[in-house]
Protein chains: 2
Amino acid sequence: MSATVHRLGSRTQPSLDPIMALVAQDMNLVNAVILDRMQSEIPLIPELAGHLIAGGGKRMRPMLTLASARLLGYTGTRHHKLAAAVEFIHTATLLHDDVVDSSDLRRGRRTANIIWGNPASVLVGDFLFSRSFELMVEAESLKALRILSGASAIIAEGEVNQLTAVRRIDLSEDRYLDIIGAKTAALFAAACRVAAVVAERPEAEELALDAYGRNLGIAFQLVDDAIDYVSDASTMGKDAGDDFREGKMTLPVILAYARGNEAERAFWKEAISGRRIADEDFAEAIRLVRSCRAVDDTLARARHYGQRAIDALGGFRACEAKDAMVEAVEFAVARAY
Amino acid sequence: MSATVHRLGSRTQPSLDPIMALVAQDMNLVNAVILDRMQSEIPLIPELAGHLIAGGGKRMRPMLTLASARLLGYTGTRHHKLAAAVEFIHTATLLHDDVVDSSDLRRGRRTANIIWGNPASVLVGDFLFSRSFELMVEAESLKALRILSGASAIIAEGEVNQLTAVRRIDLSEDRYLDIIGAKTAALFAAACRVAAVVAERPEAEELALDAYGRNLGIAFQLVDDAIDYVSDASTMGKDAGDDFREGKMTLPVILAYARGNEAERAFWKEAISGRRIADEDFAEAIRLVRSCRAVDDTLARARHYGQRAIDALGGFRACEAKDAMVEAVEFAVARAY
């Protein structure tokens, strides 16, 4: 038990560098697994999968598996295949998300569905999803399999839940949190938790890592949703205003609608229903979310979950891995500034 | 070892009734698992999944798992969850197939993508796919998990392979067989094989059941592809001519193109490239595949694989289950007459 109290905001420029340095060697091995297992005799598969996998993602989720293992002092290699499996689940989800949202830009590059079409994106996503399960089976832990297959089902449920909430101006903050808890945070949680499973640690440590990942995942998604109303395509690699134009209900809109006067609520109803999505409408939306502090308070909510993620690590002794995992949270919540 | 020699064509009206009667009690339990596990708090999920799952499919694949277990004299219940998992994989594949092919009719009913849209079909397919892995994990056999996750990856590869072969008039019979071996036969093979795994039988029996399922699957798909050129929507529950209009290269076309004169080859090139897909073009296509016996010979190929499926069972003693599994093959290859 460490007496060090970590508080969010203590560093002025938090960075992912420490966690990336911590796992760099392991990540090389995981990347080798990823590159090896996205291969296929059907050339379109590595071509399409490689576009996204090599496309500059931060490998946030496998990084968390590797860092968690380091935190626990685990020195084996069983988690490498699980980390690759986690990245494959995430990549498959991104491919299907871009089909569902008809997105044309991700991480600053054209999306696979735009280049190769929806059918190819759906099927290569299915392939990566299947490969992720093959990798999990090879890790030979039924418990890790249970955690990751459960997370996969929850992700899909969250995606469907979000789909049925699109263009629903009356979406509550609670249901929104359910959605992001499922579609984003469940995989963060599972990615961290499986490290404790292969390291054969007590359940309390499993649950602590689950809580770290889950709260970090929620914070991460809240910041993403805030960024859609403060940034532009050049700085975040996706189109700012995508959520707005797609009628996606995120916390900035939920708060702005709740806090708006009658005219403002009328604006949001029309916008989210898809009748006001021109550039000047998006400018108006940005003006409204800022004036009622909806973006600031979305980021304050993110800091709340970030602090919970940090405190979930309280039981682990101070070490380089713990410091890096704390700073990763600080980085995640500081991205929008 | 049985001395009985089973030959295709010995029965005039083969039926699925014996195999359905053989597994009826088990199938009720499997259906209960299926209904239970397609539930979710997100109402759209059971609604959409139920449309397809309750939509009159024959449950051919779980039926094969159950019949194979009976053939082996297995009296446990570990295969029930695997049988349900197999049906979920199949259902997820159908949902995604209908998106990929933009189909509007399946089993005589409107497809889910037409009723609920492509996004919902993609995501509910992902959900069922995840659930299938949860079910496999619950069956607690890493070997069965390896077989089924491997089959899932092969199915996805086969689907991508087929996608890249669409509108390719030069597709060879070999590559076509690769495609259907992956997209259809791999799951038939795995469905049969996992019964031997949970029954803990020697590898020779595993492989015999794998061969039975694989050859039956190829025969089944060949007959399906032939039916597209001999039937109409009212008799087979999907639109006749779907493959033709989608530019899908199937064996009837491969044979008709190979056997055609210059004018006929010119017709096929235009048709498969999508420039001749009117009703009168389809009528001409039917005339051509018939006049060169391409449909008859597709069905002859199907009988070849059907006979191999039957012979793969040669090592098993004569019993009710074996008779029913033989007759299921006879039914599969006789469907087009």
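This is a short tour of a predicted two-chain model, stop by stop. Residues are numbered from 1 along each chain as its sequence is written, and chains are lettered from A in the order in which they are written. Local features need pLDDT of at least 70, side-chain atom pairs count only at pLDDT 80 or more, totals for chains, interfaces and linings use all residues, and side-chain values use heavy atoms, with hydrogens and water left out.

**Stop 1: the interface**

The contact (heavy atoms within 4.5 Å) takes 35 residues from chain B and 35 residues from chain A. Between them the chains bury about 3,300 Å², 78% of it on carbon and sulfur atoms; buried area here is the accessible area (1.4 Å probe) that two parts lose on being put together, summed over both.

Now look for salt bridges (a side-chain nitrogen of Lys or Arg within 4 Å of a carboxyl oxygen of Asp or Glu). The rule finds two across this interface. For one of them, select B:Glu140 and A:Arg146: their closest N and O atoms are 3.9 Å apart.

Next, hide chain A and colour the side of chain B that touches it. The elements giving two or more residues to that side are helices H2 (44-53), H4 (78-101), H6 (118-138) and H7 (142-165) of chain B; helices are DSSP runs of H or I, at least four residues, numbered from the N terminus. H7(B) gives the most, with 14 residues.

**Stop 2: B:Thr91**

Stay with chain B and pick B:Thr91, in helix H4. Is B:Thr91 buried or exposed? Its relative accessibility is 3%, so B:Thr91 counts as buried (under 20% relative accessible area, 1.4 Å probe, protein chains only). Leaving out residues up to four places away in sequence, B:Thr91 touches B:Leu52, B:Ile53 and B:Leu128.

**Stop 3**

**Stop 4: helix H12 of chain A**

Finally, select residues 251-259 of chain A, which make up helix H12. Seven of the nine are buried: A:Leu251, A:Pro252, A:Val253, A:Ile254, A:Leu255, A:Ala256 and A:Tyr257. To see what they pack against, show helices H8 (173-198), H9 (203-227), H13 (262-272), H14 (279-291) and H15 (294-312) of chain A.

Notes: Buried < 20%, exposed > 50% of the residue type's maximum accessible area, 1.4 Å probe, protein only.
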